[in-house]
Amino acid sequence: MIGHLLAQVAPSDLPPLVLPKVAYSAILPEIIVVVGALLVLAGSSLARRKGPAGIWALLTVLISMLAGASSYRLWTRITDHGPFHAVADAVVVDGFSIFIFFVILTAVILAALVADPYLRRENLDGPEFYVLMMLCASGGMLMAAANDLIVLFLGLEILSISLYVLAGFHSRRAESREAAMKYFVLGAFSSALFLYGVALVYGATGSTQLPEIAAFVANNVVVNNGVLLAGLVLLLVGLGFKVAAVPFHTWTPDVYQGAPSPVTGFMAAAAKAAGFAGLLRVFFSTFTLLRLDWQPLVWVLAVLTLVVGSVLALVQTDIKRMLAYSSISHAGYVLIGLQAGSSNGVAGSLFYLFTYTFMVLGSFAIITLIGRKGDGNHDLDAYRGLSTRRPALALAFTVFLLAQTGVPFTTGLWAKFYVISAAVEAHSYALALIAMLAAVVSAFFYLRVVVLMYTRDEGESDAQALPRIRVPVTVGAALVVTVGFTILVGILPSSLMTFARHATLFL
Amino acid sequence: MSFPLLTAIVLLPVIGAAVVALIPSNRDETIRAVGLVASIGTAVLAVFLTINFKTGDGGFQFVTDHVWIRQFGVSWKLGVDGISLFLVLLTAGLFPLALMGPKVHHDRKSYLAWMLVLEAGCLGSFLALDVLVFFLFFELTIIPMYFIIGGWGYDNRVYASIKFVLYTLFGSAFLLVAMLALVFLHQSHSADHELTFDLVKLAATKGIAESTLRWIFLGFAAAFAVKVPLFPLHTWLPDAHTEAPTAGSVILAGVLLKLGTYGLVRFGLYLFPKAAIDLAPLLLTLAVIGITYGAIVAAVQKDLKRLVAYSSVAHLGFIILGVFAFTTQGLSGGVLQMVNHGLSTGALFLLVGMIYERRHTRQISELGGLQKPAPVLAGVFMVVMLSSIGLPGLNGFVGEFLILLGTFLTHRWWAVVATTGVILAAVYLLWAYQRVFHGEPTGDNATMTDMTWAERAVMAPLVVAIVFLGVYPKPVLDRINPSVSQLMTHVHERTETRPPTVAVGTDAP
């Protein structure tokens, strides 16, 4: 009907506006998350009295699980009938997008478990946090499923705007507000660059749809493709900002440090996954034929990210800042998978993102607890002698730190092994070697924290005067899941590798 | 044989470590008991393995092979041959002694757990026949050693442990990349394009350019040279050995350094025979420099433990010399000397630890005349020291003699220079012995107590092994030799070189 009305007012020489047929089943996971978030918001404002404690976290976990279940149904549909496009080719449903869905939904569930006691501790409890997190997740999922640069941009904005608010959620802390402000200013700037990149690519190829762009590149020999390459670079910058690749990383330490600890963990896992989903989709899948143009750029980006991330982490004295730099260096490893430009490389990147989600959210679960009320106790000294006060927490944190170092029989080793083997397979020996050497540097700062935890407390530190840290049930559950995953998949990584490999089949 | 003996040998310490980690830390006696049961159980399994090992068979025995990660062709493949058999026995034997001997002053639980993980890492490295499995265990040894040095070491432990970790991880960085390069090259050069990390299959690859293989060999060699350690990559060793707690030094010198030399034999020679022969002069020269330099530096040390540490640099040089001589005598001697060095240096570190426990100093100048108050300690020290010098009748002699013999056949001048190392070893060790044990004891030295019965029980097996190997090494060499000749045949076939012929009994014209 709208089409009909529009046709009446529009000049007759324009084709009538056709509204696409929406295959709701194809975008069910996104719909569940968005509608779930909105229902939670509406329900909470309609409810007469405050719900029982933990209700919002519980609802978030249930909604995410429901979305996960519907993602799984799509996965079986893809394995039976192959990937497909939907909603006028705006989104693509393939193994790759479903894999990223799982990463993001896992991040939501774990972050919700960690955030619930945190929010109550900081007197911030309410549905808004969870609603924002779910909206953010829906943005990330949209990015993963985008088949059109405009849809990718939409997803990016939904993700980013929710994250800006989440970063400033602890509004009584100046650091949190500062983080939100910095993230917003720089993020808006990078979004603008991304959009400009979209415009340039559109100008060069005449389409924003990824398959059509790919077809244009395949069918035309463009002698002067400066506009297209400039667009490509801008897309790389815009997405590189989201994944915190050097030199677009400058916001990361401040924002990671200032944002509420559970948000930082969520940001490191989900935002990174979504950003890489966009990068891999655009560069690996769409601009495959231009790979000789973008591979050197990504090479430089990966080397810078690895080296700067691990070297600057060495000198940090704040655990959140240290993990911010470490997350930058992890982004470098994921970039190696992209640089390889092979489906093994992409599978390696996906494997890396999945395992990193567990490591980083587990780490931030512990940081949230050690941060104590006020979320300000993040000096490395707070971890001195943790093993005598809370041996189980110290052990769990040791597992996460060793896994991030890449110690054998943890997921971290296989993640590094996967991307580095892809680099070697693609004959990028120098990059593989630089990555391994960066891992040596990073071993230094991870192990330093472990040693600190197992150093005996000399008795006069403040930590002993403070009350004993309690581990809430939900955080305990999150820790059991993350530690268990990190070790079990570390011993038997084969199935997750198969999953990642299948996810790249039709890319 | 259906019982997976080798898997059990690797997993028993891991299970022990897990159990130790789960026991509450106030139940000290239970923790100690579990740790000892796990390590002694492993030693029993290793003895059982040695007894059932078929003499005269040079191939891999007790092979277990299960697919682990199909995507990458990684399999849980373990096996033992004459080269690794005695290293496994040495490892499994040294660990219970290292756990029983020196006292642990705090936090026994974490200490035992890390030691058992370390034992699993060492055993897994010696038994792995899949290069990736080897790499995993090789890496696995680094972390526990780091915590043992950093957690239970002496004053400068933090510096020493970080230096140790950075050096060895630096080496493994090259190892992983080289390993992956080899595996992917194998995939493109093999008939069925199979991606595999199987050592035997990789060794059978043909057609990869020698210049490429040389680079890959250098990648492997870099990792192992740091571990050995070969001059000039040895600077982490004196610090790590000196600052490590006694048991840490014993294991570091006795077992961990052997990972480097073993890696060079198992992977360097076996996978890259041509590259190894081409680069042998370089490695031999570095080995000879290590022998003389290590000995000279050891002679001027003021710290007894540091002296023993530098003697390791010299002794490991001998092993490298034997390995890269490319003769069966040299290689057999090298393999035997790995075991010998583990026994004698392990024992020396235990003894130095005992002296430190009593005197709280390792400075040679502050010690003196210890023979009077502690005759048994002095006697044991004498035997072990003479074995380290290479006195005929003790184990060190057999190994060094074979090495020098084998090297003389192919690389005469290197052998000649290396012989000075034997003399220098006598100089620094005898001199140290003289200063520490002879003379009139003064001050605290006069009241030092002798070895306790428990300490004697720890030292006894080591002394017995030292004498036995010196007097009657035949059963050991009989098991080492078939594998060594098989490896040398492989090397000579692949490089189309001929083993050196020795004119035996023919009259010169």
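Leu323(A) is found in helix α13 of chain A, residues 319-340, where helices (H or I, at least four residues) and strands (E, at least two) are DSSP runs numbered from the N terminus. At 2% relative accessibility, Leu323(A) counts as buried, a word that here stands for under 20% relative accessible area, with exposed meaning over 50% and partly exposed the range in between (1.4 Å probe, protein chains only). Not counting residues up to four places away in sequence, Leu323(A) touches Ser363(A), Phe364(A), Ile367(A), Gln404(A) and Tyr446(A), contact being heavy atoms within 4.5 Å. Leu323(A) and Val360(A) are 37 residues apart in sequence and 8.5 Å apart in space, C-alpha to C-alpha.

This is a predicted model, in which local features need pLDDT of at least 70 and side-chain atom pairs count only at pLDDT 80 or more, while totals for chains, interfaces and linings use all residues. Residues are numbered from 1 along each chain as its sequence is written, chains are lettered from A and ligands numbered from 1 in the order in which they are written, and side-chain values use heavy atoms, with hydrogens and water left out.

**The nonpolar core**

The largest nonpolar core holds 395 residues, and of these Met267(A) and Phe324(B) touch the most other members; such a core is a set of buried Ala, Val, Leu, Ile, Met, Phe, Trp, Tyr and Cys residues joined through side-chain atoms within 4.5 Å. Helix α4 of chain A (residues 95-121) gives the most to this core, with 20 residues. Leaving aside its neighbours within four places in sequence, Met267(A) is in contact with Leu163(A), Ala167(A), Tyr183(A), Trp251(A), Val255(A), Tyr256(A), Ala259(A) and Lys272(A).

**Where the two chains meet**

In the contact between the chains, 31 residues of chain B are in contact with 31 residues of chain A. Chain B and chain A bury about 2,900 Å² between them, 85% of it on carbon and sulfur atoms, buried area being the accessible area (1.4 Å probe) that two parts lose on being put together, summed over both. Across this interface the rule finds 3 residue pairs in polar contact, both residues at pLDDT 80 or more; a polar contact is a pair of N or O atoms within 3.5 Å, where within protein one must be able to donate a hydrogen and the other to accept it, and residues adjacent in sequence count only if both atoms are side-chain atoms. On the side of chain B that touches chain A, β1 (61-69), α5 (131-140), α6 (142-152) and α7 (157-189) of chain B each supply at least two residues, and α7(B) gives the most, with 14 residues. The residues of that side divide into 25 nonpolar, 4 polar and 2 charged, where Ala, Val, Leu, Ile, Met, Phe, Trp, Tyr, Cys and Pro count as nonpolar, Asp, Glu, Lys and Arg as charged, and the others, Gly among them, as polar.

**Two helices of chain B**

Helix α5(B) is mostly covered, with 10 of its 10 residues buried; among them are Val131(B), Phe134(B) and Glu139(B). At the start of α5(B), a side-chain oxygen of Asp130(B) reaches to within 3.0 Å of the backbone nitrogen of Leu132(B). Gln337(B) is found in helix α14 of chain B, residues 328-359, and counts as buried at 3% relative accessibility. Apart from neighbours within four places in sequence, Gln337(B) is in contact with His315(B), Ile319(B), Gly396(B), Gly399(B), Glu400(B) and Ile403(B).

**Salt bridges**

Over all chains the count comes to 21 salt bridges, each being a side-chain nitrogen of Lys or Arg within 4 Å of a carboxyl oxygen of Asp or Glu, whereas the rule finds 0 across the interface of chain B and chain A.

| Salt bridge | N to O distance |
|---|---|
| Lys77(B) and Asp198(B) | 3.0 Å |
| Asp81(B) and Arg266(B) | 2.6 Å |
| Asp278(B) and Lys274(B) | 3.1 Å |

Lys77(B) lies in strand β2 (residues 74-80) of chain B and Asp198(B) in the loop between α7 and α8 (199-203) of chain B, so the pair ties together parts that are 121 residues apart in sequence. Lys77(B) counts as buried at 10% relative accessibility, and Asp198(B) counts as buried at 4%. Both Asp81(B) and Arg266(B) are buried. Asp278(B) and Lys274(B), being 4 residues apart in helix α12 (residues 273-299) of chain B, are separated by about one helical turn; Asp278(B) counts as partly exposed at 29% relative accessibility, and Lys274(B) counts as partly exposed at 30%. Salt bridges that share partners join Glu178(A), Lys182(A), Asp254(A) and Arg321(A) into one network.
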